[in-house]
Amino acid sequence: MARRRIIAGNWKMNMTPSEAVKLVAELKDLVKNDDVDVVYCVPAIDIVPVVEAVKGTNVNVGAENFYIEDKGAFTGEISAPMLVDAGVKYVIMGHSERRDIFGENDILINAKVKKAFAAGLKPILCCGESLALRKAGTYKEWIERQITWDLDGVTADQVKNLVIAYEPIWAIGTGETATADQAQEVCGFIRELIAKLYDDATAQAVRIQYGGSMNAGNAAELLSKPDIDGGLIGGASLKPDFGKIVNA
Ligand code: 3PY
């Protein structure tokens with residue numbers, strides 16, 4: 001089954017609203033590609049101007065985070081209905097920076113996956129192991145545990161619309177990238193796991209990205225692997241290089 005490629009930028013805590021609008025204009029022609037889903041996951045404050053700036057282009061807007069309640073006394077948070085109303089289509093969850101810095105656990109991430117689907121957002125669910133787990137050789141067990149918890153109670157039809165991003169923590173913001181073979185090994189393992197948890201059709205439909213220092217130099221090789229359907233891109237999504245990755 002041919003899965004549509006998805007290249008998403010994770011801007012993290014970068015770009016003021018005016019810088020964001022300038023970046024969208026700079027990337028506009030570089031990211032044109034009708035065969036790929038292109039997504040900018042942007043800081044909350046940039047969502048409204050970026051949705052406006054991408055109008056009429058092939059780019060979709062994603063959020064980097066949200067909270068699981070619709071509204072109420074949750075100071076500082078934004079909800080799924082707010083994102084939908086603003087024109088957001090995708091939302092990242094389970095990124096290692098949110099797990100490690102903000103203490104988000106798999107129970108909350110599981111609730112976020114369900115809430116995102118219920119609200120009409122497509123989750124980009126991140127998973128990945130630390131350097132210690134990679135060295136210990138227990139990284140597959142770790143990833144199996146993360147995904148099994150995060151998808152508890154999520155239906156096969158929902159998983160068919162899910163994006164899973166494999167992001168080894170040791171390759172995030174370090175300039176270090178998993179080799180294409182290392183990335184393929186885990187992305188293939190994730191697809192087998194989805195087949196085990198659901199069925200073959202679901203495993204063939206779910207899109208799996210590699211994330212972790214993907215850049216213009218290594219994207220083509222990573223994307224040539226059979227189980228890597230796209231990338232979740234950090235630093236390189238803030239530069240013209242992002243266009244090269246979209247077209248790699
Ligand atoms: C990175 O490439 O650094 C990322 O964390 C992408 O999400």
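Predicted model: local features only at pLDDT ≥ 70, side-chain atom pairs only at ≥ 80, totals over all residues.
**View 1. The largest pocket.** This pocket holds about 480 Å³ of space. It is lined by 19 residues, and those closest to its centre are Lys 12, Glu 64, Asn 65, Arg 98 and Phe 102. Helix H4, residues 96-101, supplies the largest share of the lining, with 3 residues. By class, 10 lining residues are nonpolar, 4 are polar and 5 are charged.

**View 2. The second largest pocket.** About 230 Å³ of space lies here. The lining comprises 24 residues; Gly 173, Ser 213, Gly 234, Gly 235 and Ala 236 are the closest to the centre. Of the lining residues, 13 are polar, 8 nonpolar and 3 charged. The ligand takes up the space of this pocket.

**View 3. The shell around the ligand.** Asn 10, Lys 12, His 95, Glu 167 and Ile 172 surround the ligand, together with Gly 173, Gly 212, Ser 213, Leu 232 and Gly 234. This shell divides into 6 polar, 2 nonpolar and 2 charged residues.

View 4. His 95 places a polar side-chain atom 2.9 Å from a ligand oxygen. For Asn 10, an N or O atom of the side chain is 3.1 Å from an oxygen atom of the ligand. Gly 234 contributes through its backbone: a polar atom there is 3.2 Å from a ligand oxygen. Taken alone, the ligand exposes 230 Å², of which the protein buries 97%.

How values were computed: Residues numbered from 1 in each chain as written. Heavy atoms only, no water. 1 Å grid on protein atoms, 1.4 Å probe; cavity = no way out; pocket = protein on both sides within 12 Å on 5 of 7 lines; lining within 4 Å. Points joined across faces, edges and corners; volume = space filled by probe spheres on them. Helix = DSSP H or I, 4+ residues; strand = E, 2+ residues; numbered from the N terminus. Nonpolar A, V, L, I, M, F, W, Y, C, P; charged D, E, K, R; others polar. Near = heavy atom within 4 Å. Polar contact = N/O pair within 3.5 Å; in protein donor to acceptor, adjacent residues only side chain to side chain. Areas by Shrake-Rupley, 256 points an atom, 1.4 Å probe, with all protein chains shown as cover. Sits in = over half its atoms within 2 Å of the grid points.
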